[in-house]
Amino acid sequence: MLIHESAENYLETILILSRTLPVVRSVDIANELGFKKSSVSVAMKNLRENGYITVTSAGFIYLTDSGNEIASRIYERHEFLSAWLQRLGVNEKTATADACKMEHCISAESFAAIKNYVHQHDNQDK
């Protein structure tokens, strides 16, 4: 499944917002990302047409199962990579920015290997 980085970012943002807001709307996404509402509307149309989100008549946005799968994968990578970089001594702001870039381009195989390596070494350190 080929999905662009920008779509992954939108899906991840919807996931994050859905954990703190009762409902997610385009305006919430625009505010969170600092984008124009018109740009977000175009992106939401594309995500809806590709089956990653549903949008109610009231404008409430929900992830579909496939959208949630992608968003969860990207969010897991982001959280893990950011924390790992910080443990290596990278400051939080840089670690977060770097993790945001890395989360999109790393293969599933490489991410799994890094996770496995880190978890093995965490267990050895205890």
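Q: Is K115 buried, exposed or partly exposed?
A: K115 has a relative accessible area of 24% and is partly exposed. This is a predicted model, in which local features need pLDDT of at least 70 and side-chain atom pairs count only at pLDDT 80 or more, while totals for chains, interfaces and linings use all residues. Residues are numbered from 1 along each chain as its sequence is written, and side-chain values use heavy atoms, with hydrogens and water left out.

Q: Which side chain meets K115 in a salt bridge?
A: Side chains of opposite charge can pair when their charged atoms come close. The criterion for a salt bridge is a side-chain nitrogen of Lys or Arg within 4 Å of a carboxyl oxygen of Asp or Glu. K115 pairs with E76 at 2.5 Å, N to O. The pair links distant parts of the chain, 39 residues apart, with K115 in helix α6 (residues 108-125) and E76 in helix α4. Helices here are DSSP runs (H or I, at least four residues), numbered from the N terminus. E76 is partly exposed, at 36% relative accessible area.

Q: How many salt bridges does the structure hold?
A: There are six. Among them is K45 with E49, whose closest N and O atoms are 2.9 Å apart. Both residues lie in helix α3, four residues apart, about one turn of the helix. K45 is partly exposed at 41% relative accessibility. R25 and D28 also form a salt bridge, with 3.1 Å between the closest N and O atoms. In that pair R25 is partly exposed at 36%, whereas D28 counts as buried at 13%.

Q: Which residues of the largest nonpolar core touch the most other members?
A: In soluble globular proteins, nonpolar side chains tend to be buried together. A nonpolar core is a set of buried Ala, Val, Leu, Ile, Met, Phe, Trp, Tyr and Cys residues joined through side-chain atoms within 4.5 Å. The largest core has 21 residues, and Y10, L11, I29, M44, L47 and I53 touch the most other members. At least two core residues come from each of α1 (5-18), α2 (26-33), α3 (37-49) and α4 (65-87). The largest share, six residues, comes from α1.

Q: What is I53 in contact with, leaving aside its neighbours within four places in sequence?
A: Contact means heavy atoms within 4.5 Å. On that basis the partners of I53 are L11, I14, M44, L47, R48, I61, Y62, L63 and T64. A second, separate core has six residues, including L81, I106, F111 and V118.

Methods: Buried means under 20% relative accessible area, exposed over 50%, partly exposed in between (1.4 Å probe, protein chains only).
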